[in-house]
Amino acid sequence: MPEDRAQLWESISWQPKDLQVGDRVGLLVNGHGEAWVVQNDRRVCKPPCRIPPDRPLYPLIDLLGNTTGISLVLGAQPPVTFHRALSGGYITLSSDGLVATHQDPTGQELKGVAFLSGPAPLFEEGAYFEVTVEEVCEGNPDGLTIGVTVQKPSLDDPEPATADDVPDSWSIGFDGQAKVEGEMIGVNWRPCDLKVGDRIGLFVDFQTQSTWVVENGECAAEIPGSNPPMDRPLYGFVDLLGNTTSISLVESAVPPGCSASMRLAGKTAFQTRGGGFLNTIMTMIVDATQRSGSVLSGFDRARTSELVELSADGLSAVHKDTDEEMKGVL
């Protein structure tokens, strides 16, 4: 590496040479100029740089090394976090939006509801999201409450004091109860006993048309009565109630018993040197709440390297030299 360029290079923890068949890769840039490499819906690396948040961003890809072919996924969405603007008055979020903490360590204060930044992730089996308990206290009869609503949260909505104030919602937890169609129904699950490290999820099962709270990978209790509609987006939320005072959102969580599940997303192809194809997302994902502009429609044929061949629709790209040639930027 030339000495005059050495200062431009820094080591990172992500190793793209190790990508495997089935991997999906994206780049996420938020409105503060922070960037993350996203692999299989999980943030795996934060590059040591800041990207100007007030200028247009033009994505590029280099078919370098082991990667010789990719396809672009139109409409790719970033992994969900907690929504900063819609978090309760007593909630503080980590800088990456993945950890929510109640400012009252005793669990006495309310206003601890935190919404996800988008609809709950979808799988072939149903909708599912999951959190890990990070901090707890003692002495309260209630605990973590988790649920979904069909009403997209808005800044114009009144701030809910607790989860049962969220309209058009299904939730479970409280002091051993579930909220269904505005009524509180007793269930055989007590979140006041949760411990640090417990993983709690909500699973809307499309196949059995049932809704479950999942504890450490096992269905712990079913929400009785009616179920959320299967044909509408479901917006997840949690309530840091009682003895649960801090949680983190689990990236890449999948429904119980479905470790091989993949989130429903566009299909892509990704070829590697040595044969085989990988499914991948290769796109610039920009925080939609901070930036607006053109929508990606394909690779730019006029700005594609002479050694890269594009498909007729401009969505797939293959490096024509399978040896060690470079010039794979597009």
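Reader: Is Lys46 buried, partly exposed or exposed?

Author: This is a predicted model. The general idea is to compare the relative accessible area with two cut-offs: a residue under 20% is buried, one over 50% is exposed, and one in between is partly exposed. At 44% relative accessibility, Lys46 therefore counts as partly exposed.

Reader: With which residue does the side chain of Lys46 meet in a salt bridge?

Author: The partner of Lys46 is Glu34, with an N to O distance of 3.3 Å. Lys46 belongs to the loop between strand E3 (42-45) and strand E4 (67-71), whereas Glu34 belongs to the loop between strand E1 (25-29) and strand E2 (35-39), so the pair ties together parts that are 12 residues apart in sequence.

Reader: How many salt bridges does the structure hold?

Author: There are four salt bridges. One of them joins Lys17 to Asp18, where the closest N and O atoms are 3.1 Å apart. Lys17 is exposed, at 52% relative accessibility, and Asp18 is partly exposed, at 41%. Arg303 and Asp300 also form a salt bridge, their closest N and O atoms being 2.8 Å apart. Here Arg303 counts as exposed at 65% relative accessibility, and Asp300 is partly exposed with a relative accessible area of 37%.

Reader: How many residues of strand E9 are buried?

Author: In strand E9 (residues 143-149), seven of the seven residues are buried, so the strand is largely enclosed by the rest of the structure.

Reader: Which strand does E9 pair with over five bridges, and in what sense?

Author: Strands of a sheet pair through backbone hydrogen bonds, in either a parallel or an antiparallel manner. E9 pairs with strand E10 (residues 169-174) in the antiparallel sense over five bridges, and Thr149 has Ser169 in E10 as its bridge partner. Five bridges also join E9 to strand E16 (residues 235-239), again antiparallel; Gly147 stands opposite Phe237 in E16.

Reader: In what order do the seven strands of the open sheet lie?

Author: The order is E5-E6-E17-E8-E13-E14-E15, with antiparallel pairing. Strand E5 (91-93) and strand E15 (218-222) stand at the edges with a single partner strand each, so one side of each is left without a neighbour in the sheet. From one strand to the next, the twist averages 30 degrees.

Reader: Over how many bridges do E14 and E15 pair?

Author: Strand E14 (residues 210-215) and E15 pair over four bridges, in the antiparallel sense. Among the paired residues, Glu215 has Glu218 in E15 as its bridge partner.

Definitions and conventions
Residues numbered from 1 in each chain as written. Predicted model: local features only at pLDDT ≥ 70, side-chain atom pairs only at ≥ 80, totals over all residues. Heavy atoms only, no water. Pairing = 2+ DSSP bridges. Helix = DSSP H or I, 4+ residues; strand = E, 2+ residues; numbered from the N terminus. Axes fitted to C-alpha atoms, helices over the stretch in contact; angles between N-to-C directions. Buried < 20%, exposed > 50% of the residue type's maximum accessible area, 1.4 Å probe, protein only.
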